[in-house]
Amino acid sequence: MKLHAESVQDVASASNFFEVKTRHLHLDLTVNFEAREIRAWAELTLVSLRDDLQTVFLDSHDTLTISEVKVKATGQATFSVQPFANYGSQLVVTLYFYHFCRVQNLFFTSNSIGICLVHKVKPFLYTQGQSVLNRSFFPCQDTPAVKATYSAVVSVPDGFTAVMSANKSSSGKRSNRELSTNCVFFEQTNPVPAYLVALAVGDLQSASIGPRSHVWAEPSVLERAQAEFKDVVEDFLQTGERLFGEYVWGKYDILVMPPSFPYGGMENPCLTFVTPCIIVGDKSLTDVVIHEITHSWFGNLVTNVNWSEFWLNEGFTMYGQRRIEEELYGKAAMCLEALSGQALLRRHIEQDPAGPLTKLRVIIEKGVDPDDTYNETPYEKGFSFVCYLQSLVGDVHKFDEFLKAYIQEFKFKSIVAEDLFDFFLNYFPHLRDQRVHEKPGFEFVNTWLNAPGWPPFSPDLSTHEELSAPAKQAAELFSQKQDIEDLSGRVPDFESWGTYKIIHFLDILSERSPLAPEKIRQLLQHCPYLSASRNAE
């Protein structure tokens, strides 16, 4: 069955992906820290979707210096670089195109917006592809509509280690273009969009944290990182597999990033990048890893076709993350965490209730950087919509089975919301016959996708009250006018509460601000854990 996504444009890409598609990408990379550059060669295996195609458009960037483009078989190609948007340019390759060809690019990149170089005792380099930054790493079809396998040969200076978002790697067995075997060969055998090709180079070591997982970190961090993630990651993976089906990526490793890494985590396949802020010492922020693991099914396996459909990645991932949390920690704990997420959504929407960025499907105009549309809506409003679908089904376990079927149907594909809607209604024909997708006030397209503001349905999170009631009582205690002696024996054991119960307590206190300075002193005196904890939240 033809997908709606097959006819959907991506205004953020300069490539002509309706006419030609990448099937495989190979990179030959030499990292030079002294020159602050990567010298590179990229070979794109392309398949034409039309006869007599003579021009290939690729996404590129001004920070890429391209010196040569040729077709591997014939050598015949001319190229030029044209302006496209403030976040990229267009590489125009003119060639005589057979049905199948390999286009080779010789280039180097320096000061790239998608390649971050952190200056430490030893430098640390990493790439960040999402949303449209990998075009500054290598010429490509930088759109989630196109998925391809990739391989890479990476050469780094002595004393440094390279890692990539690949499911296979080997050292010293494959030579690079300069015929040196002092390099590492990486391969990702599952097709992925360009934004999920990721590289990091640093003074890295690894330690086992599970039967299919290692953590990578600099030596000063490695022992604490291993202790934080050991034995919990496999529980997350196995629970995800029970709920959503096979984990197809083989290994699941974690790379601890420098403190300047601007995200909690990035779901690069086989190698999640995480902020060091989640290394607390008590595993209290490992739910960040649950979120990134859940992307292994929602986002990396089934992907939004363009960035207007970003909620398909993040809304389903939030739902999947919370199903894993519910299975592992109970419904009350899951509801309390979800409550904090819904509070963030409410604050975002209250700032501009009719704003375009409060819609699930965001209209991204040509020239607008998709990253400029990033906000809470695709995460939490998307979560609300997936919860609404589950409420229509009724039985949460039946909905789990639907999610398995959804992933199986669309794995390694990129879709739009209408593809989801069609599959959902065909999977549950009684709901299709009831025309639930057209129910006034809850229409899938007109209301859920395209209407701004608060979602028309909110999930039932009332189970959180068995955990939040003590937080309310504690907040009441510290906001009343009492002397320090009055609190003796009445202060809860915050250390045993967990992250989201404490956050709920602090949120209630903040709503009653300003607190008297004496109350702050009481709080710190009677609750030393709050100031001693390394938990950044």
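Helices (H or I, at least four residues) and strands (E, at least two) are DSSP runs, numbered from the N terminus. The model is predicted, so to speak with care: local features need pLDDT of at least 70, side-chain atom pairs count only at pLDDT 80 or more, and totals for chains, interfaces and linings use all residues. Residues are numbered from 1 along each chain as its sequence is written, and side-chain values use heavy atoms, without hydrogens and water.**Exercise 1. Which strand gives the most to the lining of the largest cavity?**

*Step 1.* Start with the cavities, sets of points on a 1 Å grid over the protein atoms alone where a 1.4 Å probe fits but cannot get out. The structure holds three of 30 Å³ or more, a volume being the space filled by probe spheres set on points joined across faces, edges and corners.

*Step 2.* The largest has a volume of about 120 Å³. Its lining (residues with an atom within 4 Å of a point) has 14 residues, and T22, L25, A148, V192 and A194 lie nearest the centre.

*Step 3.* Two elements give two or more residues to this lining: strand 1 (20-32) and strand 10 (148-155). Strand 10 gives the most, with three residues.

**Exercise 1. At what angle do the axes of helix 2 and helix 7 cross?**

*Step 1.* The axes of helix 2 (residues 232-244) and helix 7 (residues 396-410) come within 7 Å and cross at roughly 90 degrees.

*Step 2.* Helix 2 is therefore roughly perpendicular to helix 7, a label for angles of 65 to 115 degrees.

*Step 3.* Now find the contact (heavy atoms within 4.5 Å): E241, R242, L243 and F244 of helix 2 meet D400, L403, K404 and I407 of helix 7.

Technical notes
1 Å grid on protein atoms, 1.4 Å probe; cavity = no way out; pocket = protein on both sides within 12 Å on 5 of 7 lines; lining within 4 Å. Axes fitted to C-alpha atoms, helices over the stretch in contact; angles between N-to-C directions. Parallel < 35°, antiparallel > 145°, perpendicular 65-115°, else oblique.
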